[in-house]
Amino acid sequence: MLHTPRSLRGMVTSPHHLASQAGLDVLKDGGTAIEAVVATAAALAVVYPHMTGIGGDGFWLVLWPDGRTASIDACGAAAARADLAFYRAAGVSSIPWRGPLAANTVAGTVSGWDLALSWSHAMRPGLRLHRLLRDAIYYAEQGVPLTEGGADLTRAKIGELGEIPGFRDTFLPGGRLPDVGYILHNQALAQSFRRLAADGLDSFYRGALAHDMVADLRALGSPLDLADLKAHHALSRPPLHVDIEGARLFNMAPPTQGVASLLILALFDRLRAGQVDGFDHVHGLVEATKQAFRYRDAHVGDPAFMTVGAQDILDDTARLDAMAQAIDPAVAAPWPHPSQAGDTVWMGAVDADGIAVSMIQSVYFEYGSGVVLPRTGVMWQNRGSSFRLADDGWNALRPGRKPFHTLNPAAARFEDGRTMVYGTMGGEGQPQTQAAVFSRYARYGVPLQQAMTAPRWLLGRTWGEDSVTLKYEDRFDPGLIARMEQAGHALERMPPFTSVMGHAGALVLHPSGLIEGATDPRSDGAVAAW
């Protein structure tokens, strides 16, 4: 798909068409872009459960029409009982990727919804919470057809997930792998959404719903307790920013890798690259990625434990100049480097008042820990499995510590008055896909949907794979691929359209009120507009 949808009254994009429509219907009912994103996010937790859920974390960028930009950190911390002694007693030398021992951090997503809605309601009275959760309740109760991506992932990961508590009952009807189009239900999750609508979103942490979730978590062997949920609050913090030619870019502060996404584009802004998708463009972004990832892995984690401020490097123009000058315009720098993984969803909305939202939420790996809590139907994340069982150092497990996150919603304000929100899932690929889409659109003037559909690349691994090659979709000019190989890049050819490259989306609001949107043909998504 290459046509860029356009409208004037509002637009939503997400990686599942039913969720996008849920958000648009909220806009039609008079809701704000923030309320539309909550409805979209709730629907995604039901219709795209292999990628997201209310048992995960989330991050927000909200761009107000008066020029303010705000962010929300809805990342949960490690449980008070999640320490080295707990895992030694469990007889493991590293935190398992799946199961109750991986469900060791608070799920922050719902707290992010709550804080964002308080911002929306401070501007004007909002829609009832039951209205925002309406479609999520409907799909959980009445069912939703399983997507091809969901069926493929379930089939691929059944060996890891089949015996995890709650997974079989929820996602393997009759104990068998479901086919594409099978109607999935989650009655317990529907009831949880009804309870949230009646008792308020804070009840996820301090109400009867919290008590039920913790009772199941403790019974299954998770270290999480009620005190951990009660101690959690989403945080409003200043977003990171950096200026490039013609625009100011925004992204999330740590514990996310948002600084890496901004570094890539700031370094590329200093390079000469005259042709879109030519060697200078692709090689330049790949080499900027290497520089950014080295910085990220040396300095980024829970901000309470960082010794260098993430904004500091973005403000240091001399340091940025030096990093760009270190990029060889003809030869690939040595690689590999330690990689990160993760699965997630990005969504965006723009309303007629000019509010633009970039939001991302995740359960980390596909289906998270795999644990589905029987009383509530909530699938818990495994973000805390990324912690190292070590006394000290990067991402070492500590009670109350936030894990490193690949999640990072992106946004830009252009000097000509345009506002852009964009993002993607894909772990290590998130900053790279952001850079590909943004540079095509902003630097080279490629139409938004064309910039999204065009072939992409990925340095490193994603979706739990170990390969650290430079992967590329098999639609690039063969001449470019030959030059990349000659430059020393370790290339790996991928199918023409592969989910390995992420499920991206983007929206652009023009000063005239025109809204443009794009969805990723690699996903089950859609742009919903009116």
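Analyst: The protein has 19 helices and 19 strands; helices (H or I, at least four residues) and strands (E, at least two) are DSSP runs, numbered from the N terminus. This is a predicted model, in which local features need pLDDT of at least 70, side-chain atom pairs count only at pLDDT 80 or more, and totals for chains, interfaces and linings use all residues. Residues are numbered from 1 along each chain as its sequence is written, and side-chain values use heavy atoms, with hydrogens and water left out.

First, the setting. The C-alpha atoms fill a box of roughly 60 × 55 × 45 Å along the principal axes. A compact globule of 530 residues would have a radius of gyration near 24 Å, and the protein's 21 Å agrees. That radius is taken over C-alpha atoms, and the globule rule is 2.2 Å times the number of residues to the power 0.38. Of the 530 residues, 64% count as buried. Buried means under 20% relative accessible area, exposed over 50%, partly exposed in between, with a 1.4 Å probe and protein chains only. Contact means heavy atoms within 4.5 Å. Among contacts with a separation of 6 or more, 72% join residues 24 or more positions apart.

Now the helix. Helix 9 covers residues 187-199. Its 13 residues should span 18 Å at 1.5 Å a residue, and its end C-alpha atoms are 18 Å apart, which agrees. The expected span is 1.5 Å times one less than the number of residues.

Which residues of helix 9 are buried? They are L189, A190, S192, F193, R195, L196 and A197. An α-helix has 3.6 residues a turn, so residues three or four places apart point the same way.

After helix 9 comes G200, with a positive phi near 95°.

I95 sits in the loop between helix 3 (84-89) and helix 4. I95 is buried, at 5% relative accessible area. Not counting residues up to four places away in sequence, I95 touches Y87, L101, A102, N104, G384, S385, F387, L389 and L397.
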